[in-house]
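Work through the exercises below with the coordinates open, and try each task before reading its solution.

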Amino acid sequence: MISIRTSSLTILAILWSQAPLPAQAPALADGRTLYAEHCAACHGADARGTARGRELAGSRRLRGRSLRELSELIRNGVPSAGMPAFDLPAARLDALAAFIRSLNSPAAENPALGDARSGEQFFLSDGQCASCHMVFGRGSPIGPDLSNIGVELTLDEIRESLTQPSARIRPGYGLVSVKLRDGTTLRGFARSRSNFDIALQDLQGRLRPVQEHEISGVEEEKRSLMPPVTASQRQLEDLMAYLSRLTGVVPGATVVPATPSGGLDFASIVQAKPGDWLTYDGKLTGNRYSDLSQINTRTVHRLVLKWTSPIAHFGLEVTPLVAGGIMYVSGPNQACALDALTGRRIWEYARPRTPGLVGDAALGTNRGMALLGDKVFMTTDNAHLIALNRTTGRLVWDQVMPEEPQHYGSTVAPLVVNDLVIGGVSGADWGIRGFLAAYKASTGERVWRHWTIPGKGDPGYDTWKGADPKYGGGGTWLTGSYDSGSNTLFWATATPWPVSDDRLRAGDNLYTDCILALDADTGKLRWHYQYTPHDTHAWDATEPHVLVDTGYRGKPRKLMLHADRNGFFYVFDRTNGEPLLARNFVKVTWASGIGPDGRPQLTPPSPGEAHCPTDDPANWDATAFSPVTRLYYVMTLEQCATIGPRGNWLQKEHGQKYLRALDIETGKVVWERPQIGTTASKHWAGVLDTAGGVLFYGDPNGDFVAVDERDGKLLWHFPTNEVIKSSPMTYLADGKQFVALAVGSNIMSFGLQ
């Protein structure tokens, strides 16, 4: 065995001189000889530079330059910098250029020789590398994730990282000791730092934001926590062979199950602490109601903006998550972790946007994330479901949800149920075969898929008369709800396709415009209800389905509440799908009501009469039920149009939005607040209700508003002067309650003054 702890520079030079040259070995060997003959005197035998010449190994200036560019540079020289021209034969010039390029190209382009399998075993066992680093979810998130190191670093940089870890410390992994005013000391990495706070990652891999008022002193340790690797020459070669071939997570591949590393278990999500916001709606039941009450009807007037954090997108629709004082936010193919107290960014993840998409996915719409264990999950614009490590923000697995290319996208915030993460797809407006799919959170392995458009021979196929419904729609782009008592997943589906031209799709067109009750473990259908059979209005059912256990008409019931785009408010017995109430919450003329069979009782339109509703009377944004007032809160739009002689809409009314509170026993409007401003669907925000008696929402003009849940009386407002098309959430940080929402291209967080 040799110890790399001693005489590091000498050993580095030896390793560099003996390093294998796998791919273009003859040319690179010639280039190495030419380098020693013509370049080493100025640039150093190890290409690290001298007083006479710049470094050539690991040079950011040279990285990415082509062979032709390097050849020309060597041939012509750089007279202004004192570098002479080298008039070498073309073959020798190219060999020298290839060698210099190899010093700066990613290691994966010319991976080291050696036994990569043996190197992997050394990494995971004898070398103890996995005690600090992760590769594809295996290991510990204390140090940097190495899953992509073969693309990020050159061979020389990997060698240096192993033999001289303190020579080049990765940003965000500077070691510090933070002395607190209470006498304790925290030691770890300063993942993010300002003049006023430090986002510290402790040496167990946990994120711990520390504020200025807590700190009495900070000692910066000018070294890496990692010691130089101790290995035999053969072990080192094998380890280099393994690391240099790591090029990142491959889409569609499942990862090896890692040893459980703690984190957030599902029981903690089911019984979430009021101070955390762990799912899209805060609770698996889909009810955006919080038990926090520091901000209440007496204190809400003291709300002020505490911080903002930008996300590069013109109109965010995301709902942030908060766990243990860390906020997780997503945007178009991007995600970040923030200090929930200050909004300071800790890590970020991004991948390129996908060209050629349609609909909201093409706009970059993303509504949020899901949490479980040591991971955070999100969908991408092209319908991949991905897992990131919560500590590092690095990709752990990447699953392609569709089986074949169609107009698929995804905008949904996934939902975690037991050990599964569940995602849906968008694109029904353009023609897809909709589905919902569940994957193992630990490995990315798909467990089940539920198609929303039946195939030939499946139940419901006979409800499509005409063409085969291969692209029948039925998107699943709104996050579902979950009943832990019965292990039932409730998920809504979108419109049939084509929605306005129904000539080739006679029949009810199951399972579009439905709520599906599924066995969460298998995805099998338990029951369904279709709100608008044979829809031609684009009244998809992708509005919240809120689960509540409460007394109803004199006895305890397990209910599901839903205000549909077709204009009717429904109350179900969620154990069997029985409609207990169906009453219009806006003016409705297309149907006189919902019959005993659960189907709309259609009223044929007549020319010159009003057709109501036209545009969406409800939308996808959050709704809420208060166990105190027993009212259901929903943003609505009243709008009608005059019917023309051919049944077409001649002219739409201007329309009027209202925030309405509905009595769940009767469906009647108890109170309402008119919303002055645009009626556009992209200026439509959801609600948040709290135990403090305060109902929050964004109005059409960009004000963030708080009203009394009992009567809708205005309590407070803040003019953001931006588009609000998201739903608020609330959380605790440092023992204080905050209310946050996405506004335009920013996350804004408000707290008491």
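**Exercise 1.** Determine how many of the residues of helix 8 (residues 155-163) are buried, and describe the residue Ser161 of that helix.

Solution. Helices here are DSSP runs of H or I with at least four residues, strands are runs of E with at least two, and both are numbered from the N terminus. Buried means under 20% relative accessible area, exposed means over 50%, and partly exposed lies in between, with a 1.4 Å probe and protein chains only. By this rule helix 8 is mostly covered, since 8 of its 9 residues are buried. The buried residues are Leu155, Asp156, Glu157, Ile158, Arg159, Glu160, Leu162 and Thr163. Ser161 also lies in helix 8, but at 28% relative accessibility Ser161 counts as partly exposed. When residues up to four places away in sequence are not counted, Ser161 touches Leu153 and Met226, where contact means heavy atoms within 4.5 Å. As a check on the distance scale, the C-alpha atoms of Ser161 and Leu420 are separated by 37 Å, and these residues are 259 apart along the chain.

The model is a predicted one, in which local features need pLDDT of at least 70 and side-chain atom pairs count only at pLDDT 80 or more, while totals for chains, interfaces and linings use all residues. Residues are numbered from 1 along each chain as its sequence is written, and side-chain values use heavy atoms, with hydrogens and water left out.

**Exercise 2.** Find the angle at which helix 6 (residues 116-124) and helix 9 (residues 233-244) pack, and classify the residues of their contact.

Solution. The axes are lines fitted to C-alpha atoms, for helices over the stretch in contact, and angles run from 0 to 180 degrees between N-to-C directions. The two helices pack at an angle of about 100°, with their axes 7 Å apart. That makes helix 6 roughly perpendicular to helix 9, given that angles under 35 degrees count as roughly parallel, over 145 as roughly antiparallel, 65 to 115 as roughly perpendicular and the rest as oblique. On the side of helix 6 the contact is made by Ala116, Ser118, Gly119, Glu120, Phe122 and Phe123, and on the side of helix 9 by Gln235, Asp238, Leu239, Ala241, Tyr242 and Leu243. These residues divide into 7 nonpolar, 3 polar and 2 charged, where Ala, Val, Leu, Ile, Met, Phe, Trp, Tyr, Cys and Pro count as nonpolar, Asp, Glu, Lys and Arg as charged, and the others, Gly among them, as polar.

**Exercise 3.** Classify the ring pairs Tyr529 with Phe572 and Trp539 with Trp590, and place each ring in the chain.

Solution. Rings of Phe, Tyr and Trp (its six-membered ring) pair if their centres lie within 6.5 Å, and planes under 30 degrees apart count as stacked, over 60 as edge-to-face and the rest as tilted. The count by this rule comes to 27 aromatic pairs. In one of them, the rings of Tyr529 and Phe572 have centres 5.0 Å apart and planes at 70°, so this pair is edge-to-face. Tyr529 belongs to strand 29 (residues 525-530) and Phe572 to strand 32 (residues 568-573), so the pair ties together parts that are 43 residues apart in sequence. Tyr529 is buried, with a relative accessible area of 8%, and Phe572 is buried at 0%. For Trp539 and Trp590 the ring centres are 5.0 Å apart and the planes stand at 50°, so the pair is tilted. Trp539 is buried at 0% relative accessibility, and Trp590 is buried at 8%. One aromatic cluster is formed by Phe490, Trp527, Tyr529, Tyr531, Trp539, Phe568, Tyr570, Phe572 and Trp590.

**Exercise 4.** Examine the backbone at Pro498, Tyr511, Asp513 and Ala538.

Solution. Trp497 and Pro498 are joined by a cis peptide bond with omega about -5°, and Pro498 is found in the loop between strand 26 (488-492) and strand 27 (505-506). The bond from Leu510 to Tyr511 is also cis, with omega near 0°. Asp513, which is not a glycine, has a positive phi of about 55°; Asp513 lies in the loop between strand 27 and strand 28 and is buried, with a relative accessible area of 0%. Ala538, likewise not a glycine, has a positive phi of about 65°, yet at 30% relative accessibility Ala538 counts as partly exposed.
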